[in-house]
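Subject: Structure for your review

Dear colleague,

Please find the structure below.

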Amino acid sequence: MITMFVVLRKGIGEKAHMENTGVYISAMKESLKKKHGIMAQLLAYTKEQDQLLRQERMDMERFEQLLGEKDELLQQITTLDNGFTSIFQKISAGLEADKQRYVKDIVEMQGMIREITDIGVQIEGQERKNKTRFEQYLVKERQEIKKSRQSSRTAVSYYQNMPDQHHAWQTYFMDQKK
């Protein structure tokens with residue numbers, strides 16, 4: 001009688017474990033879908049930054065706004081990744097033991113991960129280009145600031161020296177010629 005109870009209990013436990021695994025797999029797929037959407041949004045923001053950097057006069061306020069929005073998205077990705085990893089650690093042994101049962105789900109998740117990775121590669125490439133453009137922007141801005149300072153110094157010097165150059169006879173002389 002005790003042996004039958006153990007066998008029945010074991011069978012019920014395995015069934016419950018398989019159902020939980022299905023729920024966990026659904027949660028992992030949902031997490032990957034959310035991450036895909038967030039990665040796509042990150043790529044769009046990164047491309048928008050590229051457009052801003054190509055403008056003659058960059059909208060620095062919008063550029064900084066995009067940086068903030070991207071930071072929020074990256075935090076969401078971190079949260080999703082942590083949850084995904086936690087779930088995977090819980091069910092990895094069950095998935096490994098019963099691969100055939102979950103092969104369709106595993107293949108689907110692998111496809112999602114490939115797509116997410118592809119978007120990540122695109123983001124990384126665009127970020128490198130943006131970094132170069134931003135460095136060029138900073139060089140240009142520094143040159144304009146330097147030129148502005150030189151112009152200011154020249155103007156200040158001119159106005160400081162002008163009172164010394166003005167003589168009363170020059171004004172009188174000019175008036176006499178009229």
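A salt bridge is taken here as a side-chain nitrogen of Lys or Arg within 4 Å of a carboxyl oxygen of Asp or Glu. The model is predicted, so local features need pLDDT of at least 70 and side-chain atom pairs count only at pLDDT 80 or more, while totals for chains, interfaces and linings use all residues. Residues are numbered from 1 along each chain as its sequence is written, and side-chain values use heavy atoms, with hydrogens and water left out.

The structure holds 13 salt bridges. Among them, Lys 29, Asp 105 and Glu 108 are linked in a network. The closest N and O atoms are 2.7 Å apart between Asp 105 and Lys 29; this pair joins helix α3 to helix α1 (residues 2-54) across 76 residues. Helices are DSSP runs (H or I, at least four residues), numbered from the N terminus. For Lys 29 and Glu 108, the closest N and O atoms are 3.2 Å apart, and that pair lies 79 residues apart, again linking helix α1 with helix α3. Lys 29 is buried, at 14% relative accessible area, whereas Glu 108 is partly exposed, at 32% (buried means under 20%, exposed over 50%, partly exposed in between, with a 1.4 Å probe and protein chains only).

A further salt bridge joins the side chains of Glu 48 and Arg 62 (2.7 Å, N to O). This pair connects helix α1 and helix α2, 14 residues apart.

Yours sincerely

Notes
Helices (H or I, at least four residues) and strands (E, at least two) are DSSP runs, numbered from the N terminus.
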